[in-house]
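Please walk through this model strand by strand and helix by helix. The text starts inside one chain and then widens out.

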Amino acid sequence: MTHIAKKTVDSSRIREILDGKKARMKTCLQACAACSLCADSCFMFNGKDGDPQYMPSYKVIKTLGRLYRKRGNVSRAELERMQQLLWRNCVLCGRCYCPFGIDIPNMIAFARGILRSQGIYGVFPHTSGSTEAELQ
Amino acid sequence: MVIAEIKPLDEIKQLLGGYRKVLNTGCGGCTSVCLAGGQKEVDILNTKLSLSFKAENVPFEIDGFTVERQCEIQFISELDRMVGKYDAILSMACGAGVQFLAERYPDKPVFPGVNSTFVGVNKDIGWYEERCKCCGDCVLGFTGGICPVSMCAKSLFNGPCGGPQGESCEVSKDIPCAWVAIHKRLKAQNRLDNIKAIHGPREWRDQVQGRIILEPYKARYVKNTE
């Protein structure tokens, strides 16, 4: 469940959330063959001249994958970097395609939920007072 | 996007009266962007409700959980594993999201935490303006990209009426006349012919539940939906 914005990281809470979807998440992370076909289906990746940080698999592995591998023992700075990948680099349009059937949007949504549990929310340029250019 | 406003606290309290354990569900879509129903607003509202009920010695527990979009089944299904623990659900999504939750969990009372107000734009931080009534018969092509249905007080398709006061609407001098604006823009684009022809009235009586199934998907859904 949610907590008012915190400065520390509640690793045990992250582990608890991860465990709630462990089997599915593990299957998804293990099934990724780094084929990069998901990148072709991502309009943000294509719109950013193929910047790998917009590749759907990259976004999942560098966020959820990292949280899982480190069992939630991450710093707040790391979570804030993940925030950029999960919100700025993904609009969750649900169009990403995986030939192995990995439900990438579901994994992104799951990772977002974990960040929210730590008081880290979406980045919207108009609400943060930052322009798109400043966020680059 | 859909613009919404948080309901007054007293109204929400009245809706939740009698329920001891409530799940407040935020929406990461439109209502999150317009600062009405995202995770932050869920957290703030939960704190306010808890304090308020506590001050009245009313037993009350509330948790929050935000799904990406309450108008998509793949995201609201995240709630399946948790709704069973609660007596009621408060939804911070637009009316579509509230109804989608109520449909998925018919045994649970689902209450709205926000008022969906209009389809609009972000003019600036915290400043939203209506731009579309979703009338289903878009005329922007001949009105210079200014919607007379949402911007004109009378929603006239052939304007202006006899009431404009200069460039203002007769309703208020602070409201610009949509048809004066349409005329100015079309004149600047040398397209005044666009509004010289009379446009027939819209069939406003044809108000049925909206449904669009894209052509490539008709084979999949039509026999189930019609």
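B:Thr66 lies in strand β3 (residues 61-67) of chain B. Helices here are DSSP runs of H or I with at least four residues, strands are runs of E with at least two, and both are numbered from the N terminus. This is a predicted model, in which local features need pLDDT of at least 70, side-chain atom pairs count only at pLDDT 80 or more, and totals for chains, interfaces and linings use all residues. Residues are numbered from 1 along each chain as its sequence is written, while chains are lettered from A and ligands numbered from 1 in the order in which they are written.

Is B:Thr66 buried or exposed? B:Thr66 counts as buried, because 30 C-beta neighbours lie inside 10 Å. The cut-offs are these: a residue is buried with 20 or more other C-beta atoms within 10 Å of its own, exposed with 12 or fewer, and partly exposed in between, with C-beta atoms placed from the backbone. Five of the seven residues of β3(B) are buried, so the strand is largely enclosed by the rest of the structure. Beyond its neighbours within four places in sequence, B:Thr66 has contacts that include B:Thr25, B:Gly26, B:Cys27 and, from the other chain, A:Arg116. A contact means that two C-beta atoms, placed from the backbone, lie within 7 Å. B:Asn158 is 92 residues from B:Thr66 along the chain, and their C-alpha atoms are separated by 44 Å.

β2(B) and β3(B) run parallel and share seven bridges; DSSP must find at least two bridges for two strands to pair. Within this pair, B:Gly26 has B:Thr66 as its bridge partner. Strand β2 (residues 21-27) of chain B is also joined to strand β4 (residues 88-91) of chain B, in parallel, by four bridges. There, B:Val22 is partnered by B:Ala88. Next comes strand β5 (residues 110-112) of chain B, which pairs with β4(B) in the parallel sense over three bridges. B:Ser91 stands opposite B:Pro112 in β5(B). Between β4(B) and β5(B) the chain passes through helix α6 (residues 95-104) of chain B, and this β-α-β crossover is right-handed. That is, with the strands pointing away from the viewer, the path from the first strand over the helix to the second runs clockwise.

Most residues other than glycine have a negative phi, and most peptide bonds are trans. B:Leu35 has a positive phi, near 60°. B:Leu35 sits in the loop between α2 (30-33) and α3 (39-55) of chain B. Phi is also positive at B:Ser155, near 50°, in the loop between α7 and β8 of chain B. B:Ser155 is partly exposed, because 16 other C-beta atoms lie within 10 Å. B:Pro160 is in the loop between α7 and β8 (168-169) of chain B. The peptide bond from B:Gly159 to B:Pro160 is cis, with omega near -5°.

Move on to helix α8 (residues 178-188) of chain B, where B:Ala178, B:Trp179, B:Ile182 and B:Leu186 are buried. They lie on the same side of α8(B), because they cover an arc of only 90° around the axis; the arc is taken over the directions from the helix axis to the C-beta atoms. The buried residues pack against α7 (148-151) of chain B. The face turned away carries the exposed residues B:Lys187 and B:Ala188. After α8(B) comes B:Asn190, with a positive phi near 55°.

Chain A has nine helices and zero strands. Of its 136 residues, 35% are buried. The largest nonpolar core has 68 residues, and A:Cys42, A:Met107, A:Ile108 and A:Ala111 touch the most other members. Such a core is a set of buried Ala, Val, Leu, Ile, Met, Phe, Trp, Tyr and Cys residues joined through C-beta atoms within 7 Å. Helix α7 (residues 104-117) of chain A gives the largest share of this core, eight residues. A second, separate core of ten residues includes B:Cys152, B:Cys169, B:Ala178 and B:Leu186.

How confident is the model in chain A? Its mean pLDDT is 87, and 85% of its residues reach 70 or more; pLDDT is the predictor's confidence in each residue, from 0 to 100. Over residues 129-136 of chain A the pLDDT is below 50, and this stretch has seven contacts in the model beyond near neighbours in sequence.
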